[in-house]
Amino acid sequence: AVGARDRLRIAIQKSGRLSEPARALLAACGLSWRESRDKLFCYGESLPVDLLLVRDDDIPGLLADGVCDYGIVGRNVLAEHAAERAREGSHVASREVRALGFGACRLAIAVPERWEWTGPGDLQGKRIATSYPGLLQQWLGEAGVDATVATLTGSVEIAPRLGQADAVCDLVSSGATLVANQLKPVETLLQTEAVLAGPVLPFGDARAELAALLLRRLEGVLKLKDSRLLLFQARREALPRLLKLLPDAEPPTVMQVDGADTLALQALCHGSMTWQRLEDLKLAGASALLVLPVERTLS
Ligand code: ATP
Ligand code: MG
């Protein structure tokens with residue numbers, strides 16, 4: 001462990017699927033940085049929160065060693081690290097603090113298309129290629145299946161065609177890569193997305209307050225992601241029906257327009273405001289519908 005620190009350090013992926021969304025999310029929390037020349041370290045300007053740009057596989061280790069306080073990484077990478085540590089009998093040093101809503105995919109077993117899959121037992125005595133040996137071993141153990149795990153760091157999906165393995169255990173999102181390699185997904189080991197990983201124990205120094213501030217802002221940003229301010233008018237008697245169509249809305253502000261019967265309303269809605277929903281509201285008696293983006297809230 002490292003001594004008392006008064007700056008927070010967050011590890012994110014240097015380049016890859018999670019780098020841009022991770023940066024954008026932190027920027028939306030009001031963080032800005034002065035980049036170093038080698039772009040491995042970004043010094044926080046608006047707040048004492050620095051970034052370390054690394055390979056995603058290194059993030060759990062950096063957290064475990066106390067080099068970084070938080071990391072933005074796939075649940076799959078965090079869980080793999082935890083599975084390996086559990087196998088060595090060592091304790092887990094970091095935990096998932098919050099799911100972040102991007103980078104979604106799943107860790108799945110995929111087999112050649114012609115395989116008539118009946119269940120995990122089909123893998124008995126087979127050879128499975130993966131970059132996630134810890135999670136695969138764990139799953140095989142739970143399923144009571146004895147199979148050989150071949151650890152590959154890349155190009156896992158071509159292993160069956162090369163005769164290196166009978167099946168693979170790999171990340172799948174659209175499934176296009178599997179189809180291109182004549183494979184089909186048959187079992188899901190883990191649903192994953194990008195998460196904020198952080199310490200198990202609270203900070204005992206100035207980082208505590210900084211962490212609380214950051215988490216509060218993050219909560220606000222994530223909560224607002226799909227939120228819109230909905231403005232509309234309606235006759236008083238249509239109101240109960242309309243509010244039933246807005247289960248995701250905060251209690252609306254209601255203003256009287258002409259006399260007592262026409263009302264103008266504004267409501268903060270947290271679900272996405274699709275055309276279909278607007279059309280349903282119109283049919284139920286709403287008019288002059290207006291949907292506005294929400295930049296920030298603070299209560
Ligand atoms: P690095 O160079 O940092 O090690 P990488 O090649 O291991 O990068 P990426 O391919 O950029 O990593 O993927 C990073 C994360 O994105 C994955 O660990 C996973 O959580 C998520 N992800 C989302 N969709 C997919 C997908 N279709 N294939 C692979 N990863 C995906
Ligand atoms: Mg990686």
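The model is predicted: local features need pLDDT of at least 70 and side-chain atom pairs count only at pLDDT 80 or more, while totals for chains, interfaces and linings use all residues. Residues are numbered from 1 along each chain as its sequence is written, and chains are lettered from A and ligands numbered from 1 in the order in which they are written.

**Domains**

Begin by colouring residues 8–103 and 194–224 as domain 1, 105–192 as domain 2 and 228–293 as domain 3; these bounds come from an automatic or database domain assignment. The centres of domain 1 and domain 2, taken over C-alpha atoms, are 29 Å apart. Eight residues of domain 1 are in contact with eight residues of domain 2, contact meaning that the C-beta atoms of two residues, placed from the backbone, lie within 7 Å. Next select helix 3 (residues 75–88), which with seven residues gives the most to the side of domain 1 that touches domain 2. Helices (H or I, at least four residues) and strands (E, at least two) are DSSP runs, numbered from the N terminus. By class, that side of domain 1 has two nonpolar, two polar and four charged residues. Here Ala, Val, Leu, Ile, Met, Phe, Trp, Tyr, Cys and Pro count as nonpolar, Asp, Glu, Lys and Arg as charged, and the others, Gly among them, as polar.

**Ligand 1**

Select ligand 1 together with the 15 residues around it, of which Gly-16, Arg-17, Gly-74, Cys-105 and Ser-173 come nearest. A residue is near a molecule if its C-beta atom, placed from the backbone, lies within 6 Å of it. Domain 1 and domain 2 each supply at least three residues to this shell. Its classes are four nonpolar, seven polar and four charged residues.

Move to helix 1 (residues 19–28) and show Ala-22, Leu-25 and Leu-26, which are buried. A residue is buried if 20 or more other C-beta atoms lie within 10 Å of its own, exposed if 12 or fewer, and partly exposed in between, with C-beta atoms placed from the backbone. On which side of helix 1 do they lie? They cover an arc of only 95 degrees around the axis, so they are on the same side of helix 1; the arc is that of the directions from the helix axis to the C-beta atoms. An α-helix has 3.6 residues a turn, so residues three or four places apart point the same way. The buried residues of helix 1 pack against strand 1 (8–13), strand 5 (70–74), strand 12 (194–199) and helix 6 (207–224).

Just after helix 1, select Gly-30, which takes a positive phi of about 90 degrees. Gly-30 belongs to the loop between helix 1 and strand 2 (33–35). Leaving aside neighbours within four places in sequence, Gly-30 is in contact with Ser-46 and Arg-217.

**Two further positive phi values**

Select Ser-155, in the loop between strand 9 (148–151) and strand 10 (167–172). The phi of Ser-155 is near 50 degrees, a positive value in a residue other than glycine. Ser-155 is partly exposed, with 13 other C-beta atoms within 10 Å.

Finish at Ala-288, in strand 16 (residues 287–293). The phi of Ala-288 is also positive, near 50 degrees, in a residue other than glycine. Ala-288 counts as exposed, with 11 C-beta neighbours inside 10 Å.
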